[in-house]
Amino acid sequence: MGMLNLPGFLSCGKKKDFSLSNEKDTHASDSDENSERGNWSNKGDYLLSMVGYAVGLGNVWRFPYLTYQNGGGAFLIPYTLMLALAGLPLFFMECSLGQFASLGPISVWRILPLFQGVGITMVIISTFVAIYYNVIIAYALYYLFASFQKVLPWSDCFSWADEFCSKTRLVSDCNATLDGEIIHANYSFIISNNLTCMNGTMNYKPVQFPSEQYWNKVALQRSSGLDETGNIVWYLALCLLLSWMIVGAVLFKGIKSSGKVVYFTALFPYVILLILLVRGATLEGALDGIEYYIGKQSNITKLMEAEVWKDAATQIFYSLSVAWGGLVALSSYNKFHNNCYSDAILVCVTNCLTSVFAGFAIFSILGHMAFVSERPVSEVVDSGFDLAFVAYPEALSKLPVSPLWSFLFFFMLLLLGLDSQFATIETLTTTIQDIYPKAMKKLRIPITLAVCILLFLLGLTCVTQAGIYWVNLIDHFCAGWGILIAAVLEIIGIIYIYGGNRFIEDIEMMIGKKSRLFWLWWRICWFFITPVLLMAILVWSLVTFSPPTYGSVLYPAWGTAVGWCMIIFCVIWIPVVAVLKIVKAEGNLCQRIVSCCRPTANWGPYLACHRGERYSHVVDPKREKEHEIPTVSGFVY
């Protein structure tokens, strides 16, 4: 930590800051080390914001199902290995990158101008995700309000139901014994003759449970497909508006306001999960559900299947929110000497333990539902929308005081979604701040409001009667390959082109000198294991690609084409920006490429007092004229 002894270290902050304007920025305070960009008020704000960003809906509605599907408790082995080999190395790398440069996901690519398009791809994908993620939050809000009724509206087949709606499975036919002979007859004949169906021979009528019909017919008013747009569902539009109002209100002062709200939005879901777990554990059938999740049903032989390892790697990758730009953006507001190493480990471990913990709360109540409805647990388990808005609400409706448990569950979903959304929008505003610091300093609140209004208007398509198909389409394309491509290029660019050892020296400027043994594991992962795993996931995803579907509904050809256009729009900036950088460089082609693979003149720690001898040559980014004028591509160098 020799940097601490440099002259002027203690004066990092207001006295030594060369600000661009005397305007007061609500994003920064007098006590901040970096008085131009601002810093987190305290470490708790940052850690809870990171936990809130990483811990999202997928921890509750995807991980438990994957665990059950891939061998139960045995799945924790590849899951933990993938955390250590792929998730944590990427997470630590992005946190270190953002904190070192104090820049967002686009401007931070001063480290490697040729790859600045990777940052643009991250931001565009985050924008697409922000649009549909708030729609899911709107669904949670709708169900939250619907829970304020004495009888939950999806607890029975009410006036909105059709003839296929039923609270129980209806037997259509079965085998029985009549006069010493085995016969096969319809169930009405069996009943009229006082016969009994033989075990394992019963066939059931195709029925839909009330919660499923309520989700499709009432909440979504779902049309027959993407071709049938229908009308805007007004109450979902109002819920969407409310969710954007909440996001805008929390972020009006940037990290200064959101950093306080996350103490509630990031912590209270754990209280609710604990309440649901305690309640679920006291119900009949809960043990059966937990055994399916992680108990006797665990199958160690599943580890011989490549699909299990692929699912573990994919879940870790998406669960930690790496390569979305948010980790870089949130870490950019840290003080320079913050211990980002311990932060990364703490957040990653918390995220994974939350997933495991959530599984117990989910499966205990699903086990009770299976017991009450006399079905095997495997028939009531589901993931994604079907778990959150069909299976689990169905299970909650069977509990005493069901409106209370329903309110708690959907309030938890709301909070889990909101703090992830806070970080996503902060990623977008951080990008704007880096590109237009003067405008952001003066107009932070109007700009944040404008971002929320624009994304709300774009999201109205997702609350039409065909809205769920659009949500599924964006998720299928944008939240998949684009992020994987960005992650692969990110680690290749930083470790192989900028230099892994050079990057380690940058980190040591922040957290102090470490031994070779300390860095051995990180070098092995960054240089070899993590890039190979990411490439394997990407190739696997491309090879196993299947056209998007929603349940049994197929998408029209034009819908799939729109999906391809979205992902192409996200990643096309990587080659476009690379070409623009090469064209604007000087010299012959090889010299231009080489110059674009070197950090820009203003790459380094944001504040001069942190640069030391290694970055003493750095042009002050706050005085760099280039910082104020966008390039041809619309983004700064």
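Let me start at a turn: in the hairpin of β1 and β2, with two residues between the strands, Asp179 has a positive phi near 55°. Helices and strands here are DSSP runs, numbered from the N terminus, with at least four residues of H or I for a helix and at least two of E for a strand.

A word on the model before I go on. It is predicted, so local features need pLDDT of at least 70 and side-chain atom pairs count only at pLDDT 80 or more, while totals for chains, interfaces and linings use all residues. Residues are numbered from 1 along each chain as its sequence is written, and side-chain values use heavy atoms, with hydrogens and water left out.

Back to the sheet. It is open, with three strands in the order β2-β1-β3 and antiparallel pairing; two strands pair if DSSP finds at least two bridges between them. The edges are β2 (181-186) and β3 (203-204), each pairing on one side only. Strand β1, residues 171-178, is joined to β2 by six bridges. Within that pairing, Leu178 stands opposite Glu181, and Asp173 is opposite Asn186. Between β1 and β3 there are two bridges, again antiparallel, and Val171 has Tyr204 of β3 as its bridge partner.

Next, the domains. The protein is divided into domain 1 (43-159 + 219-545) and domain 2 (170-206), with bounds from an automatic or database domain assignment. Their C-alpha centres lie 48 Å apart.

Now a helix pair. The axes of α19 (residues 481-511) and α20 (residues 516-543) come within 8 Å and cross at roughly 175°. The axes are lines fitted to C-alpha atoms, for helices over the stretch in contact, with angles from 0 to 180 degrees between N-to-C directions. That crossing makes α19 roughly antiparallel to α20; the cut-offs are under 35 degrees for roughly parallel, over 145 for roughly antiparallel, 65 to 115 for roughly perpendicular, and oblique for the rest. The contact of α19 with α20 has 22 nonpolar, four polar and two charged residues. Nonpolar covers Ala, Val, Leu, Ile, Met, Phe, Trp, Tyr, Cys and Pro; charged covers Asp, Glu, Lys and Arg; the others, Gly among them, are polar.

Last, the salt bridges. The rule is a side-chain nitrogen of Lys or Arg within 4 Å of a carboxyl oxygen of Asp or Glu, and the count comes to eleven. I will take three of them.

Lys256 and Asp32 meet at 3.0 Å, N to O. Lys256 lies in helix α9 (residues 255-265) and Asp32 in the segment before α1 (43-54), so the pair ties together parts 224 residues apart in sequence. Lys256 is buried at 13% relative accessible area, and Asp32 is buried at 4%. Buried means under 20%, exposed over 50%, and partly exposed in between, with a 1.4 Å probe and protein chains only.

Asp45 pairs with Lys260, the closest N and O atoms being 3.1 Å apart. Asp45 is in helix α1 and Lys260 in helix α9, 215 residues apart. Asp45 is buried at 0%, whereas Lys260 is partly exposed at 41%.

Arg614 and Asp506 have their closest N and O atoms 2.8 Å apart. Arg614 lies in the loop between α23 (589-596) and α24 (625-628) and Asp506 in helix α19, so parts 108 residues apart in sequence are tied together. Shared partners join Glu505, Asp506 and Arg614 into one salt-bridge network. Arg614 is partly exposed at 32%, and Asp506 is buried at 1%.
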